[in-house]
Amino acid sequence: MARSKSPRARGTGAATQRERALGPRSNGPATGDGEQPLRIIPLGGVGEIGKNMYVIEYGDDIVVIDCGLMFPDEEMFGIDLVVPDVAYLRERRDKVRAFLITHAHEDHVGGLPYVLPEFPGVPVYASTLARGLLGIKVKEHKLTSNPLLPLDPGDEQPIGPFTAVPFRISHSIPDAMGIALRTPIGTIVHTGDFKFDHTPVDGILSDFAVLARLGEEGVLCLMSDSTRAESPGYTPSERTVGEAFKEIIEPLDGRVIIATFASNIARVQQVLDAAATFDRKVSVVGRSMEQNFRIATDLGYLRYDADRIIPKDRISETDPGRLVVATTGSQGEPMAGLARMANRDHRFVEIQPGDTVVVSASPIPGNEEYVARTIDNLFKAGANVIYHAIRHAHVSGHASQEELKLMLNLTRPKHFMPIHGEFRMQVQHGRLAIETGVAPENVFIIENGSPRPAGAGRLRVRRWPVSRRRR
């Protein structure tokens, strides 16, 4: 069962607490000289991790950036998925021109099957890998009325009064993009999920030159990923995980099972590379991972010797000391591969003494209990488990403070809107923006659904003020 979460569901009490902590609400400043209002309206993704969805509206035209889902919290009994409340769009469905997708993680695309049926004929623009992965959802949910169209870095796609200019950024999935949206009153830059990885697994760097050029031209508003705004320094390269895999596998004589996100194609590539280093076979287990593995292979995003891959029904026939199993379930999802192995009800993999399980992920907030239970059950079954609390086998796909400041300095925005994070993360990110020169009154700390209509030619959002960090 999927549940649509209202942007105002948290009610007056929560807002009152924030006002006491941060001061009274106020409106952002008016900017631009156009004849129509420009509105930026988050329907999900601020004040939370997940269900990212952002509405950009100018006059009679709307584009939507991303449409994700979120896992339910422990109080949502009987709810499997949470998707954004699209009442605002539903009331203006004739204005919606396009959905623009930054990348194919579920918190950015998982809501599409539940939202698109309300917007027949509206195209979805996405990069090559994202289109490939979304094709599965299109078939499963019979979304035949929404064309899936290409939007890749280097393109410029006119959409009504807007022009979408995607640019490449590093993240934990290939083909991840940010989107610069040129509007009649200025350019909005949406970073997507990003970090600046200088040694990415696929060798493709972020588009620093494009970001710098946008900064030279002038950025009206930067909307930037806040997930690790509390973390100082830089986020380590994804390549360090591959080295960790090799260090873990080298001394082992038994079977190795590595659990990660099915969409983390770069991580799967490093599983393949580590297995090849020690002449081990690889079996891919888990419906979503098997699908993504096949599509990424067909599109050329995974490179490996086909003879090294064995089907899951031959796992029991393979020497454990020469096998690596890649599977889903790093978040303890009850029906995913790893949890079923831990509960001893997996059809193809039975945990045995001598197995080593690597949980190559950190728990998403709200999933800690599920992950802990799965790890406990794996230990009970006789496996040795390597997880985030005891050894490094994972890095984030999100930028830390120094990278966030670099993004701000490259784009030099007039206004700044921290997105994709809990409220405290947005506040910390806002403080970083002020340190880099954004005027405090131009930093917008907002909630889902909070912007209100503005007068003609104005960019206006509802916000809480942000002070500088105390030293």
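Definitions first. On a 1 Å grid over the protein atoms alone, a cavity is a set of points where a 1.4 Å probe fits but cannot get out. A pocket is an open set with protein on both sides within 12 Å along at least five of seven lines. Lining residues have an atom within 4 Å of a point. Points join across faces, edges and corners, and volume is the space filled by probe spheres set on them.

Ground rules next. This is a predicted model: local features need pLDDT of at least 70, side-chain atom pairs count only at pLDDT 80 or more, and totals for chains, interfaces and linings use all residues. Residues are numbered from 1 along each chain as its sequence is written, and side-chain values use heavy atoms, with hydrogens and water left out.

Now the cavity. The structure holds one of 30 Å³ or more. The largest cavity has a volume of about 90 Å³. What lines the largest cavity? Leu112, Pro113, Leu116, Val124, Leu134, Lys137, Val138, Leu143, Asn146 and Leu148 do. Helix H4 (112-115) and helix H5 (128-141) are the elements that give two or more residues to this lining. H5 has the largest share, three residues. Helices here are DSSP runs of H or I, at least four residues; strands are E, at least two; both are numbered from the N terminus.

By class, the cavity lining has eight nonpolar residues, one polar and one charged. Nonpolar means Ala, Val, Leu, Ile, Met, Phe, Trp, Tyr, Cys and Pro; charged means Asp, Glu, Lys and Arg; the others, Gly among them, are polar.

On to the second largest pocket. Its volume is about 340 Å³. It is lined by 23 residues, and Ile173, Pro174, Pro200, Asp202 and Ala266 lie nearest its centre. The lining splits into ten nonpolar, six polar and seven charged residues. H8 gives the largest share, three residues.

Next, Leu100, in strand S7 (residues 96-100). Is Leu100 buried or exposed? Buried, because its relative accessible area is 0%, and the cut-offs are under 20% for buried, over 50% for exposed, partly exposed in between, with a 1.4 Å probe and protein chains only. Leu100 touches Val64, Asp66, Tyr125 and Leu181, among others. Contact means heavy atoms within 4.5 Å.

Last, the helix pair. Helix H7 (residues 239-249) meets H8 through residues including Phe245 and Ile249, with Val271 and Ala274 among those on the H8 side. That contact has five nonpolar, three polar and three charged residues.

Notes
Lists of a residue's contacts leave out its neighbours within four places in sequence.
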